[in-house]
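Q: Can we go through the aromatic contacts in this one? I'd like to start with the ring pairs and then look at charges over rings.

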Amino acid sequence: MKLYDLIKNGDEYISLVGLGYVGMPIAVEFAKKGVKVIGFDINEHRIHEYKNGIDSTKEVGDEALKNTSVYFTNDEIDLKKALFHIVAVPTPINQDKTPDLSPVINASRTVGRNLRKGSIVVYESTVYPGVTEDICGKILEEESGLRCGIDFKIGYSPERINPGDKIHRLETITKIVSGMDAESLETISKVYELVIEAGVHRVSSLKVAEAAKVVENSQRDINIAFMNELAMVFDKMGIDTNEVIEAMNTKWNALNFKPGLVGGHCIGVDPYYFTYEAEKLGYHSQIILSGRKINDSMGEFVADALIKQLILSGKTPINSKVIILGITFKENCPDIRNSKVTDIIKRLNDYGIFPNVVDPLADPVLTKQAYNVELSDIKNIHNADAILFAVGHDQFKSLSLNDINSFYKVMPNDQKIIIDVKGLLPLSEVKEAGYRIWRL
Ligand SMILES: NC(=O)c1ccc[n+]([C@@H]2O[C@H](COP(=O)([O-])OP(=O)(O)OC[C@H]3O[C@@H](n4cnc5c(N)ncnc54)[C@H](O)[C@@H]3O)[C@@H](O)[C@H]2O)c1
């Protein structure tokens, strides 16, 4: 029987290697379709949580984890049970912005040590073109003693999920799929079709699939950088960027991007994977790296705007109480990796301002560990001079002007400052209510 049929009939396991925001939801989704799934991760704490029905990613929810048949494990020997492996480990960058492939390399060693003849290994981690074949395939061969293309096959299928987004889900996003030959492409496509309702898009090579992922994120990065550049210029011109964008978007071919902080481990990171490989081939990126530079500077720009507003309203920055709402890298998602809100905090700290940070989604322990920031409870926010809305969590969007007002100092003729990075608040209402508002 063919591998696809064996998987579909529950005669062979698939494995998910790396069970974070990407890997865990895939594991749970396959299990829902009756596929037997081994979920492997090196993080014991994570496995313990999953086994106990705790979804720290908030992607599938505790109930789904409690009811899933996925076999969660830290023991790599369990990988031997599977004939189809999906690798979804992190792909961060080093301090010098070069790709850190160590998780992908280590995961390949683990899979390689436990690889059986006849297996397929599919990588989902975002990488630059060539990594899967030239680096991972070779490691799998070395560790297993098997031959790639003969004893086992490899493929690449980038993940495109958008954590926190309840509309664009794993099942509803078209999946790009590649395999090293026609047979593996067919098997990989059919296996993914078990869970991807939107269907798969087959491409001719692993390199095309790898490239498609890094450039779709680079495309977003550049477009946001353009909006951020406009925001900086309009700030000098005294024009409201959001209003300009709203007007511009009435044209049929407008792209609907907004200025903002570009954090996280995808859009702000993946372009560096692409430019790294381009550079090695002698091409120095001009557009992509310029966009990165602009986006990486936005935290400081926002912090400087806040300080300016404090001074213009007659406050002494160092004595002002500043509240920041949100520290995760995006709305309605608990992920704090590569948060650009921390750039704002650092810049404010340089000026002697130590803001109170509120984020009901972020894990207080992880936030303290990663950024040395103590999170405050929104219930304890009083006597503020300025409130900076940094992340568009639903909890912040639902605050009324009365709620917001209760956070400020009660003092006659005191100016209440709002910095609205995400354009969450209704501008004219806020102005009418007497706030001094600045937005990106
Ligand atoms: N999160 C997203 O929004 C998103 C979207 C699309 C693509 N991606 C890409 O998917 C990949 C995974 O991202 P993520 O957000 O799920 O990361 P994550 O950090 O949430 O999860 C990765 C998991 O891999 C585990 N891990 C690390 N090394 C391992 C190893 N050697 N063996 C087994 N497990 C190991 C970690 O413990 C962690 O639990 C990255 O390449 C990322 O760029 C992420």
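This is a predicted model: local features need pLDDT of at least 70, side-chain atom pairs count only at pLDDT 80 or more; totals for chains, interfaces and linings use all residues.

Q: How many aromatic pairs does the structure hold?
A: The count is six aromatic pairs. Tyr50 and Phe72 form one that is tilted, with 5.3 Å centre to centre and 50° between the planes.

Q: Where do Tyr50 and Phe72 lie?
A: Tyr50 is in helix H3 (residues 44-51) and Phe72 in strand S3 (residues 71-73), so the pair ties together parts 22 residues apart in sequence.

Q: And Phe72, buried or exposed?
A: Phe72 is buried, since its relative accessible area is 4% and the cut-off for buried is under 20%.

Q: OK, what about Tyr408 and Tyr435?
A: Their ring centres are 5.7 Å apart and the planes are at 55°, so that pair is tilted. Tyr408 sits in the loop between helix H16 (401-405) and strand S13 (417-420), and Tyr435 in the loop between helix H17 (427-432) and strand S14 (436-439), so parts 27 residues apart in sequence are tied together.

Q: Are those two buried or exposed?
A: Tyr408 counts as buried at 2% relative accessibility, and Tyr435 counts as buried at 7%.

Q: Which residues do ring pairs link into a cluster?
A: Tyr128, Tyr273 and Tyr276.

Q: Switching to charges. Which ring face does Lys81 lie over?
A: That of Tyr71, with 4.9 Å to the ring centre. Lys175 lies over the face of Tyr192, at 4.8 Å from the ring centre.

How values were computed: Residues are numbered from 1 along each chain as its sequence is written. Side-chain values use heavy atoms; hydrogens and water are left out. Rings of Phe, Tyr and Trp (its six-membered ring) pair if their centres lie within 6.5 Å; planes under 30 degrees apart count as stacked, over 60 as edge-to-face and the rest as tilted. Helices (H or I, at least four residues) and strands (E, at least two) are DSSP runs, numbered from the N terminus. Buried means under 20% relative accessible area, exposed over 50%, partly exposed in between (1.4 Å probe, protein chains only). A charge sits over a ring if NZ of Lys or CZ of Arg is within 6 Å of the ring centre and within 35 degrees of the ring normal.
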